Amino acid sequence: MKVLHHARIYTLDAHQPVASALVVEGERVAAVGDERLVEDFAHAERQDMAGGVILPGLSDAHLHLQQYALGLRKVDCQTRTLDECLRRVQARARATRAGEWILGHGWDQNLWGQWPTAADLDRVAPNHPTFLTARSLHAAWVNGAALKQAGLDTASADPPNGRIQRDQHGRPTGILLEAAMERVSRLIPAPGVEEIASAIEQAQPSLWQVGLTGVHDFDRREAFLALQKLHAEERLRLRVTKSLPLELLDLAIGLGLRSGFGDDWLRIGSVKVFLDGALGPHTAAMFQPYEGEPHNLGMLNMDGEQLFEQARRAAQAGLSLAVHAIGDRANHEALNAYEQLRLYEQENGLPPLRHRIEHVQLLHPDDARRLAQLNVVASMQPIHAISDMEMAERYWGERTRLAYAWRSQLEAGARLAFGSDAPVEAPNPFWGLHAAVTRRRPEASSPGWHPEQCLTLQQALEGFTRGAAYAAGMEGRLGKLAPGFLADLIVLERDPFACEPDELRALRPSAVMIGGAWVF
């Protein structure tokens, strides 16, 4: 047992919002109060926090843990210019044996003002098949060697829910959108479970260092296997709520898996369904065309009726749904399916599960209040707004008044769960807090983008704590510091409630506790 005292503790517990001491017994908080706890628990180990600030541990409610961890080993393609990215690929090629794959992540053609091509990569890595994922993870850039291995040429047809970008002669340019990425990615030697587990284990400190004590993971089967291995070997030191991909729904039903199965370290979350693409590659499903692209409505993978059929089967088995929806049409179809699903749950005596929409980046005005009405969690990523704002203005125009609309959702009564979508964005939740409070980039001093959607720090912080806990079905033991709750907390040297909003982005914890043990 230990007493943490001489601190300013923001508990996020309405019954006792601020305290100066708390008692940790085993994995849980035993008591919260003032300095008198030091005497009340005189037998406990005293730990003087030297006036530091304590917050509940932060959770990232949407992250791709395997991709993030393995991505730390890939070429960093998030550069301001195409030439700089090519220089990095060339440097990796020189250090890699001919014929071996070069993998990278993070490029964004919107920053470069042009789509890159296979020919660009052929100049710097002619002897290595190369596969570089876009920052959005909804497009890939490959070279001639990769195209050749995949057998992609002018005669190749676009796959369902995917597109091969072509030049004026019909030849593949080297850009593969959505499902077309799989034509090449399936050729890349897959990392084994031990390699994935090792990468995740090595990535854990980088997440602790930014204040994360838990994540909701949206990678696939191999990630789940790796997480189970880490957990069995007591190497998992993050709390993970693990989604399941739609393609495993039949297996999950057959095994009798349910949302919430597991323990406080690793538990089943929702079944993940992709309804559309993303803004970056212009594949998010829209009611009206992208500005300047009169024939482009994005890609809709299924409509509301088709989604309901999947959702009904999942709900019967006790599995909640997490639907990826970015464009206004995709969100509309998701909400239509959830409306049918809530009625189905009620008529069949099923519990109202913690269903979610992931991203909720653009809503039609008629749909703005429907998440709250249907008790669907708005799982959103504040950092996306400041990354995407110029692109959103360019391609969505006036529709952006309901883009990334956190305050509108909160005021309507929806529950917010915040994350980063790493490796699409950096997983640092303080960057997310800054984005939610200011809606402007760190170098900007003007009012934020659609400032009417800004949140208070308290509201934003709850998205990374109580909201994430609710989405995971763990609101009875995570998300705040109160007796009986898990002792997951972070220590800051500066008070985020006392600093300027623009200073939030630079905050870092000096210590992190998970389950009563200091991990950082």
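**Charges over a ring**

Select Arg415 together with Tyr470, and you will find that Arg415 lies over the face of Tyr470, 3.8 Å from the ring centre. A charge sits over a ring here if NZ of Lys or CZ of Arg is within 6 Å of the ring centre and within 35 degrees of the ring normal.

This is a predicted model, in which local features need pLDDT of at least 70 and side-chain atom pairs count only at pLDDT 80 or more, while totals for chains, interfaces and linings use all residues. Residues are numbered from 1 along each chain as its sequence is written, and side-chain values use heavy atoms, with hydrogens and water left out.

**Tryptophan cluster**

Next select Trp107, Trp112, Trp115 and Trp141, which form one aromatic cluster. Rings of Phe, Tyr and Trp (its six-membered ring) pair if their centres lie within 6.5 Å, with planes under 30 degrees apart counted as stacked, over 60 as edge-to-face and the rest as tilted. By this rule there are nine aromatic pairs. The rings of Trp107 and Trp112 have centres 6.4 Å apart and planes at 25°, so this pair is stacked. The rings of Trp107 and Trp115, with centres 6.3 Å apart and planes at 70°, are therefore edge-to-face. Trp107 counts as buried at 0% relative accessibility, whereas Trp115, at 27%, counts as partly exposed; buried means under 20% relative accessible area, exposed over 50% and partly exposed in between (1.4 Å probe, protein chains only).
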